[in-house]
Amino acid sequence: MNTFLLPLLGGVLLGLGAALLLLFNGRIAGISGITGGLWTPASGDTGWRVAFIGGLMLGGVVLAAVRPSGLGAPVPTGVGTTLVAGVCVGFGTRLGSGCTSGHGVCGLARGSKRSLVATLTFMAAGAATVFVTRHLLGGLS
Amino acid sequence: MKQVLTAGVAGLLFALGLGMGGMTDPAKVVGFLDVAGAWDPSLAFVMAGALGSYALARRVILRRAAPVLADAFPGAPSASVDGRLVAGAVLFGVGWGLSGYCPGPALVVLPVGGLTVALFVVGMVAGMGVFRALVKQPG
């Protein structure tokens with residue numbers, strides 16, 4: 001059950017959330033785009049972004065109450081590594097116009113070639129990073 | 001106001017899906033990316049479920065002339081693959097592999113996850129700010 005059915009159902013729920021945003025608001029559920037858009041606030045464009053992010057965080061609170069083990073724990077990395085990882089994700093997703101949700105789900109569902117290239121690229125870069133840190137360096141600190 | 005409410009509900013569903021699927025567990029994410037080690041394929045099923053359901057829903061939704069609460073559906077963005085796209089995806093992949101967090105799960109875990117995820121989000125928001133300050137916005 002836990003190996004594939006729960007992830008599959010989780011994916012469907014996530015897809016429904018993205019579909020709801022498209023149906024009602026006509027927006028693409030790309031998390032980096034929704035968050036990054038707050039850096040260039042425009043009139044009437046801020047409320048829904050803040051609400052979506054608020055919904056995400058509320059989801060975290062609900063998950064922590066219902067099934068805290070599902071949230072896992074951070075990979076043990078030092079302060080510097082964590083900050084660098086965050087900066088890479090923030091800057092990289094803006095430069096590349098999307099992340100796992102925007103390119104990996106919404107873009108691929110649209111059949112976008114750009115999103116396919118982006119998804120394959122960040123998966124490969126992620127796998128290469130894990131290979132280097134885990135198998136060549138023997139873990140991060 | 002209605003748009004704010006629907007966006008909040010969409011965010012909540014999205015978060016519950018991420019949590020249920022295991023995307024909020026960095027060890028699981030790193031396990032998924034660890035193709036040379038003890039590979040954990042379960043997150044591929046999250047992607048399959050999300051992609052399948054969204055692709056299907058999208059086809060039905062786009063039969064409408066317009067969204068329920070907005071004027072128009074988004075137009076198709078630029079189709080060209082460029083260096084910026086690839087460089088951005090590489091940087092994102094490196095950060096994702098280092099931490100096990102991508103933007104959605106990081107924001108979900110933020111209120112309950114302690115110092116590490118808070119540091120990650122600070123870095124992420126700063127990285128977006130640096131992009132905003134240094135790089136010209138794409139047309």
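Are H6(A) and H2(B) roughly parallel or roughly perpendicular to each other?

Modeller: H6(A) and H2(B) are roughly perpendicular to each other. By the rule used, angles under 35 degrees count as roughly parallel, over 145 as roughly antiparallel, 65 to 115 as roughly perpendicular and the rest as oblique. The model is predicted, so local features need pLDDT of at least 70 and side-chain atom pairs count only at pLDDT 80 or more, whereas totals for chains, interfaces and linings use all residues. Residues are numbered from 1 along each chain as its sequence is written, chains are lettered from A and ligands numbered from 1 in the order in which they are written, and side-chain values use heavy atoms, with hydrogens and water left out.

The angle between H6(A) and helix H2 of chain B (residues 26-33) is about 100°, and their axes are 8 Å apart. Helices (H or I, at least four residues) and strands (E, at least two) are DSSP runs, numbered from the N terminus. Axes are lines fitted to C-alpha atoms, for helices over the stretch in contact, and angles run from 0 to 180 degrees between N-to-C directions. On the H6(A) side, the contact (heavy atoms within 4.5 Å) is made by Met123(A), Gly126(A), Ala127(A), Val130(A) and Arg134(A), and on the H2(B) side by Val30(B), Phe32(B) and Leu33(B). By class, these are 6 nonpolar, 1 polar and 1 charged residues. Here Ala, Val, Leu, Ile, Met, Phe, Trp, Tyr, Cys and Pro count as nonpolar, Asp, Glu, Lys and Arg as charged, and the others, Gly among them, as polar.

H6(A), residues 113-136, also packs with helix H4 of chain B (residues 83-99), at an angle of about 40° and with the axes 7 Å apart. That angle makes H6(A) oblique to H4(B). Residues in this contact include Met123(A), Gly126(A) and Val130(A) of H6(A), and Ala89(B), Phe92(B) and Trp96(B) of H4(B). The contact of H6(A) with H4(B) divides into 14 nonpolar, 6 polar and 1 charged residues.

Next come the aromatic rings. Rings of Phe, Tyr and Trp (its six-membered ring) pair if their centres lie within 6.5 Å; planes under 30 degrees apart count as stacked, over 60 as edge-to-face and the rest as tilted. Over all chains the count is 8 aromatic pairs. One of them is the edge-to-face pair of Phe91(A) and Phe131(B), 5.8 Å centre to centre with 75° between the planes. Phe91(A) lies in helix H4 of chain A (residues 79-95) and Phe131(B) in helix H6 of chain B (residues 115-134), so the pair joins two chains. Phe91(A) is buried at a relative accessible area of 18%, and Phe131(B) is buried at 2%. Buried means under 20% relative accessible area, exposed over 50%, partly exposed in between (1.4 Å probe, protein chains only).

Phe122(A) and Phe92(B) also form an edge-to-face pair, with 4.9 Å between centres and 65° between the planes. This pair crosses between chains, from helix H6 of chain A to helix H4 of chain B. Phe122(A) is buried at 1% relative accessibility, and Phe92(B) is buried at 0%. Ring pairs link Phe122(A), Phe92(B) and Trp96(B) into a cluster.

Ser115(A) is also in helix H6 of chain A, and at 3% relative accessibility Ser115(A) counts as buried. Apart from neighbours within four places in sequence, Ser115(A) is in contact with His103(A), Gly107(A) and Leu108(A).
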